[in-house]
Amino acid sequence: HVNYLAILVSGVVIFILGGLWYSVIFKKPWIALMGIPEEKMKEGSGSAMPVLLFMSFLCGLLTSYVMAIMINHFFPYSLVRGAMVGTICWVGFAAPTSFATAIFSMTKKPLWLINSTYNLVSFIAAGMILSVWR
């Protein structure tokens with residue numbers, strides 16, 4: 001069974017975390033590593049920004065939904081177990097696939113690290129929420 005309200009809240013948390021991660025916590029290094037002037041970024045997204053934000057939110061919801069299914073297989077449910085499942089999913093799926101992509105696309109390693117660590121923190125947060133909010 002999955003708790004759809006917990007999935008929704010977890011998706012919102014992932015979305016808010018992304019907003020903080022890229023606009024407050026790592027804004028300056030992320031923009032510098034992207035190699036695109038901030039003005040050009042704002043210009044480029046312009047009217048598409050609502051669609052980009054909505055798609056990002058949907059990605060967080062999908063992550064939360066799949067994480068909720070995964071959590072069902074990791075009893076006993078607790079904050080620690082949820083964090084463990086989030087970490088396992090990141091180590092086994094997100095980190096290696098994004099790193100392989102980064103290697104072949106010649107993404108700077110610090111940029112990969114900022115992006116991938118956001119995924120790690122998101123997965124851990126989702127795992128914790130979904131594990132205790134049954």
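A pocket here is an open set of grid points with protein on both sides within 12 Å along at least five of seven lines. In this predicted model, the largest pocket has a volume of about 600 Å³. The second largest pocket has a volume of about 310 Å³. One cavity of 30 Å³ or more is also counted. Helix 5 and helix 6 cross at roughly 150°.

**Largest pocket**

- The volume of the largest pocket is about 600 Å³. Its lining is made of 18 residues.
- Closest to the centre of the largest pocket are Tyr22, Ser23, Trp30, Met49 and Leu53.
- Four helices each supply at least two lining residues: helix 1 (4-25), helix 2 (27-34), helix 3 (38-45) and helix 4 (49-71).
- Helix 1 gives the most to this lining, with six residues.
- By class, the lining of the largest pocket holds 10 nonpolar, five polar and three charged residues.

**Second largest pocket**

- This pocket has a volume of about 310 Å³. The residues that line the second largest pocket number 14.
- Tyr22, Ser56, Asn115, Tyr118 and Asn119 are the closest to the centre of the second largest pocket.
- Helix 1, helix 4 and helix 6 (109-132) each give two or more residues to the lining of the second largest pocket.
- Eight nonpolar and six polar residues make up the lining of the second largest pocket, with no charged residues.
- Tyr22 is among the residues closest to the centre of the largest pocket, and Tyr22 is also among those closest to the centre of the second largest pocket.

**Cavity**

- The count comes to one cavity of 30 Å³ or more. The largest cavity has a volume of about 50 Å³.
- His1, Val2, Asn3, Ala68, Leu130, Trp133 and Arg134 line the largest cavity.
- The lining of the largest cavity divides into four nonpolar residues, two polar and one charged.

**Packing of helix 5 and helix 6**

- Two packed helices are described by the angle between their axes and the distance between the axes.
- The axes of helix 5 (residues 79-104) and helix 6 come within 7 Å and cross at roughly 150°.
- Angles over 145 degrees count as roughly antiparallel, so helix 5 is roughly antiparallel to helix 6.
- The crossing of helix 5 past helix 6 is right-handed.
- In the contact of helix 5 with helix 6, 14 residues are nonpolar, eight polar and two charged.

Conventions: Residues are numbered from 1 along each chain as its sequence is written. This is a predicted model: local features need pLDDT of at least 70, side-chain atom pairs count only at pLDDT 80 or more; totals for chains, interfaces and linings use all residues. Side-chain values use heavy atoms; hydrogens and water are left out. On a 1 Å grid over the protein atoms alone, a cavity is a set of points where a 1.4 Å probe fits but cannot get out, and a pocket is an open set with protein on both sides within 12 Å along at least five of seven lines; lining residues have an atom within 4 Å of a point. Grid points are joined across faces, edges and corners, and a volume is the space filled by probe spheres set on the points. Ala, Val, Leu, Ile, Met, Phe, Trp, Tyr, Cys and Pro count as nonpolar, Asp, Glu, Lys and Arg as charged, and the others, Gly among them, as polar. Axes are lines fitted to C-alpha atoms, for helices over the stretch in contact, and angles run from 0 to 180 degrees between N-to-C directions. Angles under 35 degrees count as roughly parallel, over 145 as roughly antiparallel, 65 to 115 as roughly perpendicular and the rest as oblique. A crossing is left-handed if the near helix is turned anticlockwise from the far one by less than a right angle, and right-handed if clockwise.
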